[in-house]
Amino acid sequence: MKFSDDEKKYIKNLVNNLPKKFIVIEPHAKTSWCEHKQYPLNKWQNIINAIYKDIPFVQMSMPDKKVMDNVINIADDIKNFRQASLLLKYTSLFIATEGGFMHASRSHNTKCICFFTPMFDPIWTKYNNVDVIWVRENGHFNCFNQGTCKKCLEAMNNHDEKVMINKIKKHFKI
């Protein structure tokens, strides 16, 4: 991605007001075509609660989305996908579900840990900067179901968020 000088200046000013090290989190998956891409928000909150005292979280969700507790909310400061993508250049780690921002993190080679829904194998969209958590259970994976897959939803709801917590702790050696 090529960013304008104005975009670079805007994000650099925003970053200057953030802690030196931080984790960018986007807990809200785009579910318009696939409801089961969403990792449960209560599990996201558990991840934040387990780590935020060691390293702060910066949430960059759309302004109308739920703001998690114990985060620095920059929803009103990020105006578009390009700005959000550029912010990923400055984070120590990006965590989310598989989606557009995972691809944007690649443009900066930013370390990323992503949840992948059971619906498809991460081998198709992951990069070498992405640490994958492929959520699947009871042999249910690669279903390619759009809309709502009850088995995928069940797997996402049953997944142990400590897998993500442990990966974050290992990344930061905490």
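1. A residue is called buried here if its relative accessible area is under 20%, exposed if that area is over 50%, and partly exposed in between. The model is a predicted one, and the terms should be read with that in mind. In helix α2, which spans residues 41-51, the buried residues are K43, W44, Q45, I47, I48 and I51. The cover over these buried residues of α2 includes β1, β2, β4, β5, α5 and α6 (162-172).

2. Six strands form an open sheet with parallel pairing, in the order β3-β2-β1-β4-β5-β6. Because β3 and β6 stand at the edges, each with a single partner strand, one side of each is left without a neighbour in the sheet.

3. Strand β1 (residues 23-26) pairs with β4 in the parallel sense over 4 bridges, and 3 bridges join β1 to β2, again with the two strands running parallel. Two residues of β1 can be followed in both directions. V24 has F94 as its bridge partner in β4 and stands opposite V58 in β2, while I25 has I95 as its bridge partner in β4 and Q59 as its bridge partner in β2.

4. Which residues of β1 lie on each of its two covered faces? I23 and I25 are on one side, V24 and E26 are on the other, and all of these are buried. This arrangement can be set beside the general rule that in a regular strand the side chains alternate between the two faces of the sheet.

5. Strand β4 (residues 93-97) is mostly covered, with 5 of its 5 residues buried. L93, I95 and T97 lie on one side and F94 and A96 on the other, so that both faces of β4 are covered. Besides its pairing with β1, β4 pairs with strand β5 (residues 112-116) in the parallel sense over 4 bridges, and T97 stands opposite F115 in β5.

6. The largest pocket holds about 540 Å³ of space. The elements that give two or more residues to its lining are α3 (81-87), β4 and α4, and β4 gives the most, with 3 residues. The lining has 26 residues, of which E26, H28, K30, M62 and F101 lie nearest the centre of the pocket.

7. T117 lies in the loop between β5 and β6 (130-134). Is this residue buried or exposed? T117 counts as buried because its relative accessibility is 5%, which is under the 20% cut-off. Apart from neighbours within four places in sequence, T117 is in contact with H36, K37, W134, V135, C152 and M156.

8. F141 is in the loop between β6 and α5, and at 37% relative accessibility it counts as partly exposed. Leaving aside neighbours within four places in sequence, the contacts of F141 are with P118, W134 and R136. F141 and D121 are 20 residues apart in sequence, and their C-alpha atoms are 7.6 Å apart in space.

9. Two residues deserve a check of their backbone angles. Most residues other than glycine have a negative phi. N70, placed in the loop between β2 (57-59) and β3 (72-73), has a positive phi near 65°, and with a relative accessible area of 37% N70 is partly exposed. N142, in the loop between β6 and α5 (150-158), has a positive phi near 55°, and at 27% relative accessibility N142 counts as partly exposed.

Note on methods: Residues numbered from 1 in each chain as written. Predicted model: local features only at pLDDT ≥ 70, side-chain atom pairs only at ≥ 80, totals over all residues. Heavy atoms only, no water. Buried < 20%, exposed > 50% of the residue type's maximum accessible area, 1.4 Å probe, protein only. Pairing = 2+ DSSP bridges. 1 Å grid on protein atoms, 1.4 Å probe; cavity = no way out; pocket = protein on both sides within 12 Å on 5 of 7 lines; lining within 4 Å. Points joined across faces, edges and corners; volume = space filled by probe spheres on them. Contact = heavy atoms within 4.5 Å.
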